[in-house]
Amino acid sequence: MELGGVHAIGEPQDREYGPGTEGRAAAELGLTKRFGLQIEGGSLWLAHTNPPMDPSIADHSDGAALFAMAGARLRPLFDVAGPWVDANVGYVRTGTLARVGFDAHVGYDWRVGDGRWDLGPYAGYFQVLQPGNTLRPQDAHVLSIGIHVALGAARTPVPVATPLPPVVFPEFQPQLPSDRDGDGIIDAQDACPDVPGVASEDPALNGCPPRPAAVRIVDDRIEYGEIVLFETDEAEVQDGAIPILRDLAKFIADKPQIEEVEIIGHADERGTEDYNLRLSRARAEAVRATLVSFGVDETRLTTKGLGFRHPLAHGHFEDDWRQNRRVEFRISKVRAGASNPPTMPPSGTQGAQP
């Protein structure tokens, strides 16, 4: 809706008419948020001031016009309120005459309060076209200024950002050094990282099982208080056996009167006889290689595999099988004339196997 003051410009209307008023109402069909088509209707009134200069033309009263038009409206900057411009063309009724007219307006609105009403000033131009064959063919030109009121578009709600959940950082857990066997000695310092052991000042024994009882000779056997064990179906010497074999190697190396030691490998009862013979022989060879690596002359060591024929434990459970996965050491030859030679069995006999 618009309500404003008007004034005619140009001859003959600006001399014959004084200031006046206008009012119009329009409805818009929005095609986009900033552009729409509209229809409008209204009227204007101009006060009569002077008679025509041509005395042959009768004087007249106040000027008035009714109009109905259609056009378009544009809001170039904002979806709500702000600057706007429109233009319309259509039917104009002046007195008893029907004419074609057009108008254009420019304005600026502000949103009033929190509702949808927009309010602001406008300026306009209105022209009524006169046919060239009339008595006075000059078009009517009218300028206007006034107040524009509109029921504007609703504001697009500003999306409220959903607050992000607080970032919870996991509690810092220091990376502890690895200790695979859980004996309290880190792997980097553990000489036997896969077998629980005890601390030792000797780096070669630190983290390994306690040393066995002193190595000794019983009859023709070298005993050391523990059995060298292997995992099921494996011939690799376990880490826990390394300290034992190191002591055995030193014991043999320190006894030159022992010319030859036979390493005898055993297996548990599972598997075929042929397979277990080969497995027990491989275990004896693995122990021999370890003793040689600790300084024993390889010519003083022989190997033999007995499979499962000579079990240490006669049960049929895992604990029995574990004890039977072992090697034994037998003094098979001593040097002639050696002082304090080890005790040997009578010639042609074999000592008892533990």
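**Figure 1. A network of salt bridges links five named residues of the predicted model.** In this predicted model, Glu2, Glu22, Arg24, Glu40 and Asp103 are joined to one another through a network of salt bridges. Across the structure, the count of salt bridges comes to 24. Three further pairs are presented in the views that follow.

**Figure 2. Glu273 and Arg309 form a salt bridge.** The closest N and O atoms of Glu273 and Arg309 are 2.8 Å apart. Glu273 belongs to helix 3 (residues 273–293), whereas Arg309 is in the loop between strand 12 (301–305) and helix 4 (318–324), so this pair ties together parts that are 36 residues apart in sequence. Glu273 is partly exposed, its relative accessibility being 39%. Arg309, with a relative accessible area of 52%, is exposed.

**Figure 3. Arg180 is paired with Asp187 in a salt bridge.** Between Arg180 and Asp187, the closest N and O atoms lie 3.5 Å apart.

**Figure 4. Lys250 and Asp254 form a salt bridge.** In this pair, a distance of 3.0 Å separates the closest N and O atoms. Lys250 is exposed, with 53% relative accessible area. Asp254 has a relative accessible area of 47% and is partly exposed.

**Figure 5. Acidic residues gather in a surface patch of negative charge.** The patch consists of Glu231, Asp233, Glu234 and Glu236. One of these residues, Glu236, is located in the loop between strand 10 (221–223) and helix 2 (242–253). The relative accessible area of Glu236 is 58%, and Glu236 is exposed.

Figure 6. Leu37 is partly exposed, and its relative accessible area is 41%.

**Figure 7. Glu285 and Leu44 are 122 Å apart in space.** This distance is taken from C-alpha to C-alpha, and in sequence the two residues are 241 residues apart. Glu285 is situated in helix 3. With a relative accessible area of 38%, Glu285 is partly exposed.

**Figure 8. The protein chain as the setting of the close-up views.** The secondary structure of the protein chain comprises 4 helices and 13 strands. The radius of gyration of the chain is 59 Å, well over the 20 Å that the globule rule gives for 354 residues, so the chain is more spread out than a compact globule. The C-alpha trace spans about 170 × 45 × 35 Å along its principal axes. Of the 354 residues in the protein chain, 37% are buried.

Methods:
Residues are numbered from 1 along each chain as its sequence is written. This is a predicted model: local features need pLDDT of at least 70, side-chain atom pairs count only at pLDDT 80 or more; totals for chains, interfaces and linings use all residues. Side-chain values use heavy atoms; hydrogens and water are left out. Buried means under 20% relative accessible area, exposed over 50%, partly exposed in between (1.4 Å probe, protein chains only). Patches are made of residues with over 30% relative accessible area and no salt bridge: like charges are joined within 9 Å, nonpolar side chains (Val, Leu, Ile, Met, Phe, Trp, Tyr) within 5 Å. Accessible areas come from the Shrake-Rupley method with a 1.4 Å probe; for residues, only the protein chains shown count as cover. A salt bridge is a side-chain nitrogen of Lys or Arg within 4 Å of a carboxyl oxygen of Asp or Glu. Lys and Arg count as positive and Asp and Glu as negative; His and the chain ends are not counted. The place of a charge is taken as NZ of Lys, CZ of Arg, CG of Asp or CD of Glu. Helices (H or I, at least four residues) and strands (E, at least two) are DSSP runs, numbered from the N terminus. The radius of gyration is taken over C-alpha atoms; the globule rule is 2.2 Å times the number of residues to the power 0.38.
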